[in-house]
Amino acid sequence: MSPATKQIAFTLNGESRTCEIRPSESLMDVLRRSGYVGTKNGCTDGACGSCTVLLDGKSVNACITFAFQAHGRTVTSIEGVGDYDNPHPFQEALVENSGCQCGFCIPGFVMSVKGMLDQIPNPTHKQIMENLDGNYCRCTGYEKIEDALHSAISRTSKEEPAWER
Amino acid sequence: MGAVKTFKVVNHSINKIDAMQLSLGKPSYVADLCPADALVVKMLWSPHAHARITSIDISEAEALPGVRCVLYHGNVPRHLHLTAGQGYPEPSPYDTAVFDTKVRCVGDRVAAVAADTREIAEEALRKIKVEFEIL
Amino acid sequence: MTMKFADFAIAETLDDAQAKLRELGPSGFPVAGGTSFQYLSNRPGAVAVDISRIGLAGITGHENEFRIGANTTLTDLVRYEADGWILHDIATRIPTHQIRNISTIAGNIARLFPWSEIPLGLLVLEASIVVKDLESRQVPASQFFATRPSKTLRPGELVTEIRIPKVTGSTGFGYKKENVTNAAFGLMSAAAAITLDGDRIQQARVAVGSAVPAPTLVPIAEQELAGQPANESSITNAIGKAIANVRWQGREGMTSAFGAHLAKVIIHDALTQALQRAQGENA
């Protein structure tokens, strides 16, 4: 017997939404069952980062965030970042730099990168390591993802990239 | 010295055909493309390293509302196949059945349940009665 | 997630949160960042009270101390910069950034796990924890962590603020954490604070974590080092006795015997770092 549901209200990718949720549902489960399948379930453990979304602009693991924690807040999922006509510079750089292999980790990386660059447009290497430490990739060995990140920063930052590559 | 050939495809860098689709998080994986009303399948695993299944009773599990199908060695054809793979004709013995009368490791397959929700499938697993003779 | 909730409530203010929690009694659980609940086993009928919207976030510097609001995130601790501030040393080693962005300092001390790191810094610097029931009171860290806060805090009692002394002058702080991979919980961690009086150690405090059931002060280290010359030999001489009285436990494939060995190394490194910093070095 499922626990009763309750309504929450939040902003998702710029739009006001209401949603019936079970008290223990994770934000990831609510997003995925609502059709927002870009947020991936890699571990359900808060370890791999493939479920990363922005909650009030800060990157968090949707799999261990209760859906009720989003009530009254702003959620940005990968569906709210870029499109074919107008991709985010990091998304474009990933394509150009062969940063995607199986691609499963990529939405999580995009969200963490967006969360970081929105707050720190020109991060140092130390800041990058601090803000991307929770995103894992099994395929690429990270090299090409870093290439893409450096390319994106060069494009979006108004100054010389602080991070030398 | 020597003609330089210009190739249209060879020697050109091209983008991975689905790279932008993946970067945008568009539905791409089995879990993304699964219909919302898909059934949930749960497996019953063996707790024993080596045992014979002396009896299985799935009647209570089958009777649970929301359970659509319960499979075990008694109601599936014994189709012997191979899990190793070097391509046909792979010379190893074709001796694996999906559900067997014997379990050969902790975690070996005993039964499978398909149900409307994960909770119902998990409850159905608990209702399957299995007796083992430990070998 | 391991622990499931039967219901949830969103608290608007501190008073609201406390009223709701008092009413719920043992079935009420304050949820700030919510990242601990995957490590708790199921308690039927548990109700979440979301306390993340009641304010109480932010760090302010005062003459001799920093005051840190309960809902300050670990990321805030990492990014805060000020003379005498040391919590970034510990917070930056708590993986990962997604957890740090939402996990709060109060959540990191109100319920202890073997891998709790923040308490180590609070113990060696004799920080105080402001707890509010109907009234507020300041509890010294050594008293707060002497028992399990999750058992001693009454329903509706909440940590509202942490006050940590500034580390200045002739005091240095050291912290070392050994883990198998960067994102893993610690195998062994230690925090140390050394205050010098000229070329002598006036006071040394050591706290250890990870390979012990809960963050633990090591009083023998304090006794062995007080009054000793401020050099590495004093540290080396004190280590053997210091670790002998602690019950080390194995974890993550590590035996308790190896835990004791690792303790020697990590405590030594933390004390050395504290000493070097007390002597003005950029250790």
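I call a residue buried if 20 or more other C-beta atoms lie within 10 Å of its own, exposed if 12 or fewer, and partly exposed in between, with C-beta atoms placed from the backbone.

**Ground rules**

I am working with a predicted model, where local features need pLDDT of at least 70, side-chain atom pairs count only at pLDDT 80 or more, and totals for chains, interfaces and linings use all residues. Residues are numbered from 1 along each chain as its sequence is written, while chains are lettered from A and ligands numbered from 1 in the order in which they are written.

**Entry 1: a helix in chain A**

I took helices (H or I, at least four residues) and strands (E, at least two) as DSSP runs, numbered from the N terminus. I looked up α3 of chain A, residues 106–119, and found 14 residues reaching 20 Å from first C-alpha to last. That is close to the 20 Å expected at 1.5 Å a residue, where the expected span is 1.5 Å times one less than the number of residues.

Is α3(A) enclosed or open? I found that 12 of its 14 residues are buried, so the rest of the structure largely encloses α3(A). Among the buried ones are A:Ile106, A:Phe109, A:Met111 and A:Leu117.

Next I asked what the buried residues of α3(A) pack against. I count two residues as in contact if their C-beta atoms, placed from the backbone, lie within 7 Å.

**Entry 2: one loop residue**

I then visited A:Asn41, in the loop between α1 (27–33) and β3 of chain A. A:Asn41 has 18 other C-beta atoms within 10 Å, so I noted it as partly exposed. Setting aside neighbours within four places in sequence, A:Asn41 contacts A:Met28, A:Cys51, A:Cys63 and B:Ala31. I also checked A:Gln69, 28 residues away along the chain: its C-alpha lies 18 Å from that of A:Asn41.

**Entry 3: which chains touch**

Chains B and C have no contact, and their closest C-alpha atoms are 13 Å apart.

**Entry 4: the domains of chain C**

Chain C is split into domain 1 (7–49), domain 2 (59–165) and domain 3 (171–278), with bounds from an automatic or database domain assignment. I found the C-alpha centres of domains 2 and 3 of chain C 20 Å apart. Their contact takes 19 residues from domain 2 of chain C and 21 residues from domain 3 of chain C. On the domain 2 side, α3 (87–91) and α6 (118–124) of chain C each supply at least two residues. The largest share of that side, five residues, comes from α6(C).

**Entry 5: a sheet in chain C**

I traced an open sheet of four strands in chain C, in the order β9-β10-β11-β12, with antiparallel pairing; strands pair if DSSP finds at least two bridges between them. Which strands are at the edges? They are β9 (171–178) and β12 (216–217) of chain C, each pairing on one side only. Two bridges join β11 (200–209) to β12 of chain C, and C:Val208 has C:Thr216 as its bridge partner in β12(C).

Finally, I saw helix α11 (256–278) of chain C lying across β9, β10 (188–197) and β11 of chain C, at about 150° to β9(C). Here axes are lines fitted to C-alpha atoms, for helices over the stretch in contact, and angles run from 0 to 180 degrees between N-to-C directions.
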